2 protein chains.
Amino acid sequence: DPAPGVAAAREHLTRMTVPPGALGGVADLGVRLAGLAGTCPPPLPEPAVVAVFAGDHGVHARGVTPWPQEVTAQMVANFLAGGAAVNAFAATVGAEVQVVDVGVAAELAPAPGLLPRRIGPGTADMTAGPAMTRDEARAAVHAGIETARDLVVAGNRLLVTGDMGIANTTASAALVAAFTGTSADQVTGRGTGIDDATHARKTAVVAEALARHEPDPADPLAVLAAVGGLEHAGLVGFLLGAAALRTPVVLDGVVSGAAALVAAALAPTASHAWIAGHRSVEPAHTLALDHLGLAPALDLGLRVGEGTGALLAVPVVTAAARALADVATFDAAGVTEKNGGDAP
Amino acid sequence: DPAPGVAAAREHLTRMTVPPGALGGVADLGVRLAGLAGTCPPPLPEPAVVAVFAGDHGVHARGVTPWPQEVTAQMVANFLAGGAAVNAFAATVGAEVQVVDVGVAAELAPAPGLLPRRIGPGTADMTAGPAMTRDEARAAVHAGIETARDLVVAGNRLLVTGDMGIANTTASAALVAAFTGTSADQVTGRGTGIDDATHARKTAVVAEALARHEPDPADPLAVLAAVGGLEHAGLVGFLLGAAALRTPVVLDGVVSGAAALVAAALAPTASHAWIAGHRSVEPAHTLALDHLGLAPALDLGLRVGEGTGALLAVPVVTAAARALADVATFDAAGVTEKNGGDAP
C-alpha cells in the first residue's frame with residue numbers, strides 16, 4: 001500500500017478540475033511531496049534556499065581544466081557580492097543563496113551569506129592517493145547534515161543544491177563511474193567546455209584514479225574519500241539531512257548527482273526527498289539520474305553548476321504543491337465530469 | 001549582421017562570469033529577448049499576464065470528446081473563481097489571469113478578470129461547412145490584437161497564451177495538418193485522454209474536415225475560418241499584437257501552437273516575439289513547434305491547456321533577461337579567465 005500522503009494525493013488528483021493524467025510530471029511531483037510530508041495537500045515548499053557547497057581539488061594539478069584554482073575563491077566572492085548566475089536565478093524564483101565553504105584552498109574572510117564549515121584547504125590529488133581521509137570525508141558529510149538542519153530550522157521549506165569547485169566535474173565523473181559501474185570514457189565530460197586535448201587528459205586522469213583505488217560501492221564512504229571532493233561530501237550530508245527532516249531538496253547537475261549516488265548508497269530511502277531539477281549536458285549526470293531513478297524537471301542544456309538549473313525547477317515544485325492545495329474539485333466548482341463514468 | 005540587441009547580448013555573454021556556452025537554452029532565450037527589445041540587457045519581462053481565450057466548437061456535436069460542451073463555460077467560471085490549475089500556476093509565478101470570451105456558447109455574466117470579446121456563440125461544425133465566416137475569423141483576430149494591446153498598455157511586459165474550449169484539440173489538429181502538410185492520423189491526439197473508439201472517431205472527423213475544405217495554407221485566414229476555433233483566431237491576433245508591440249509572448253500547448261502556425265503564415269517575422277513554453281503530449285504540438293522552429297523550454301508531459309505549461313516557463317524567461325542584466329563580467333568581479341586566451 002502506498003504511504004498515506006501518496007494515496008490521498010492520488011485520490012484527490014482524480015477529483016480535481018483537470019483532465020485525468022493531464023498534469024503529467026507535475027502531478028508526479030505533487031504525489032512525491034505528499035508522500036514525503038505524509039499528508040495531502042503537502043505544505044507549500046516556500047521559502048527556498050540554495051546551498052552552494054564550495055571546495056578545491058588536488059587533481060587540479062593534473063591539468064584537467066584550463067581554469068586556475070583560485071577561480072573557486074573568486075567565484076565564491078562573486079556569489080557573496082550577488083554577481084553570479086546563481087544570484088540572478090535565485091532572485092528570479094525568490095530563493096536565498098547560502099555559500100558553504102567546506103574546503104576552498106584560499107582562506108575566506110567572514111561575510112554575510114558564507115557558512116564557514118571548512119574541513120581543510122581542498123582535497124589531495126586522487127591519482128596520487130585518496131582525495132580525503134575517511135575522517136575528513138565524514139566531517140564534511142556532517143557539515144552538510146548540519147547545513148540542512150540549520151537552513152530548515154531557519155524556516156526554509158525547500159532546499160536546493162549548488163556547488164563551486166574548479167575541477168569538480170573530474171571528481172564527479174570518478175564517483176559516477178564507481179557507483180554506476182561505467183568507464184572513464186563514458187563518464188568524462190567537457191565540464192566548463194574544455195578542448196579535445198584537455199578532455200583526453202581528463203579522461204585518462206579519471207581512468208588512472210579508478211585503476212588506483214578500485215573503488216568498492218559497497219563502502220560508499222571509502223569511495224567518497226578516495227575520489228570525491230569536499231563539496232561532494234558536504235552535499236551527501238545535505239541530501240541525507242534534508243531527507244531525515246522530510247524536507248524536499250532539488251538537485252542541480254552532475255556534482256549533486258554524484259553526491260546523490262553516495263548518499264543513496266548510504267541510505268537508499270533518502271532519495272524519496274530528492275527532486276531532479278534539471279538534466280545537465282555532462283554525460284555522467286544522465287548516468288547518475290538513471291541509476292537513481294530520478295526524472296529531471298527541466299532539460300535546458302545548462303552546464304553552469306552553482307545550483308542554477310535546480311533553481312529554475314523551483315517554481316515547478318511549488319506549482320505541484322499548490323495545485324494539490326488550490327485546485328477546486330469538480331463537485332466544488334460545479335464542473336460537469338465527462339460522460340462515461342469515473343475518471344481512471 | 002544580427003540585430004543590435006542580438007550582437008550586444010552575444011558579446012556580453014562572452015564576458016559574463018559563466019563558462020562560455022554554459023547557459024545553454026537560457027542564453028538563447030536571453031539573446032532573443034535582447035533582439036526583440038533591440039538592446040542589451042533586455043528589459044525584465046515583468047509583470048506577466050496569461051490571457052485565456054475561451055470558445056466553443058460546433059464539431060463537438062460529432063462526438064470527438066466525452067466532455068459536455070457546457071464545461072467550457074463552467075471552467076471559465078472556475079478560472080474567474082481562482083479554482084483551476086491555471087490559477088495555481090499563475091499564483092506560483094506571480095502572473096495575472098485574464099479570461100477572454102471570444103465565443104463561449106453560454107452567455108457569461110460580467111465579472112472581474114473576464115474580457116468580453118464575444119464574436120458569437122461558438123463555431124459551426126467544420127465537417128458541415130466552414131467553422132466561421134471569414135468576417136468572424138477576422139473579428140476574432142482583431143479581438144486578440146486588442147487584447148495584446150490592452151494588456152501591454154496596462155503595464156504587462158510578458159504575455160502568456162492560454163485557451164479553454166471543449167473540442168479545441170480537434171480544431172487544432174486540423175489547423176496543424178493544414179499548415180504542416182501532415183495527415184489526420186499524424187495530428188490527432190488524445191486531448192483530455194479519450195479512449196480508442198473516441199480517438200478513432202476524432203481522427204475520422206479531422207480527416208473529413210480536411211477532405212471537405214482542402215485548406216490552402218497560402219490563404220491563412222481561409223484555413224482559420226474553415227477549421228479553426230474562435231479562441232484560435234483570438235490567439236492569432238494576440239500573437240501578432242504582441243509581436244507588433246515587441247513584447248515577448250510565451251506559447252502554451254497545441255492550441256497556441258496551431259494558432260501560431262496561422263499567425264506565422266500571415267506574418268513570418270512575428271515569430272521573433274514567441275517563446276515556446278513547453279512541449280505538450282499532443283502529437284500536433286511537436287509538429288507545430290518543429291514547423292515554427294521553436295524549441296520548448298519545458299517538457300513535463302502536460303496536456304492541461306489553459307496556459308499552464310507556458311506559465312511554468314515564465315521564470316526561465318525572466319532568468320534569461322535577469323542573467324544578462326545582473327551577472328557580473330570577469331573584469332568587474334575580479335575573476336580570472338581560463339588559460340589559453342579568449343572565450344570562444
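Analyst: The side chains of A:R138 and A:D135 come together in a salt bridge, with 3.0 Å from N to O. Keep in mind that this is a predicted model. Why do A:R138 and A:D135 sit about one helical turn apart? Because they are 3 residues apart in helix α5 of chain A, which covers residues 134-153. As background, side chains of opposite charge can pair when their charged atoms come close. Over all chains, the structure holds 25 salt bridges.

So where do salt bridges stand between the chains? Across the interface of chain A and chain B, the rule finds 0 of them. The size of an interface is often given as the accessible area lost when the parts come together. For chain A and chain B, the buried area is about 4400 Å², and carbon and sulfur atoms give 66% of that. On the chain A side, the residues losing the most area to chain B are A:W67, A:L300 and A:K338, together 12% of what that side buries.

Now for how the two copies are arranged. Chain A is superposed on chain B by a rotation of 180° with 0.0 Å of shift along the axis, at an RMSD of 0.0 Å. That's the relation of a two-fold axis. Both copies use the same surface, as 100% of the contact residues of chain A recur in chain B. If you want a landmark for the rotation axis, go to A:L298: of the residues of chain A, its C-alpha comes closest, at 2.9 Å.

Over in chain B, there's a helix pair to look at. Helix α6 (residues 168-180) and helix α11 (residues 254-266) of chain B pack at an angle of about 35°, and their axes are 9 Å apart. The crossing of α6(B) past α11(B) is left-handed. From α6(B), the contact residues include B:L175, B:V176 and B:F179, while α11(B) brings in B:V255, B:A258 and B:L261, among others.

Most residues other than glycine have a negative phi, and most peptide bonds are trans. Back in chain A, A:E214 has a positive phi, near 40°, without being a glycine. You'll find A:E214 in the loop between α8 (196-213) and α9 (220-227) of chain A.

Methods
Residues are numbered from 1 along each chain as its sequence is written. Chains are lettered from A and ligands numbered from 1 in the order in which they are written. This is a predicted model: local features need pLDDT of at least 70, side-chain atom pairs count only at pLDDT 80 or more; totals for chains, interfaces and linings use all residues. Side-chain values use heavy atoms; hydrogens and water are left out. Copies are superposed by least squares on the C-alpha atoms of residues with pLDDT of at least 70 in both. Contact means heavy atoms within 4.5 Å. Axes are lines fitted to C-alpha atoms, for helices over the stretch in contact, and angles run from 0 to 180 degrees between N-to-C directions. Helices (H or I, at least four residues) and strands (E, at least two) are DSSP runs, numbered from the N terminus. A crossing is left-handed if the near helix is turned anticlockwise from the far one by less than a right angle, and right-handed if clockwise. Buried area is the accessible area (1.4 Å probe) that two parts lose on being put together, summed over both. A salt bridge is a side-chain nitrogen of Lys or Arg within 4 Å of a carboxyl oxygen of Asp or Glu.
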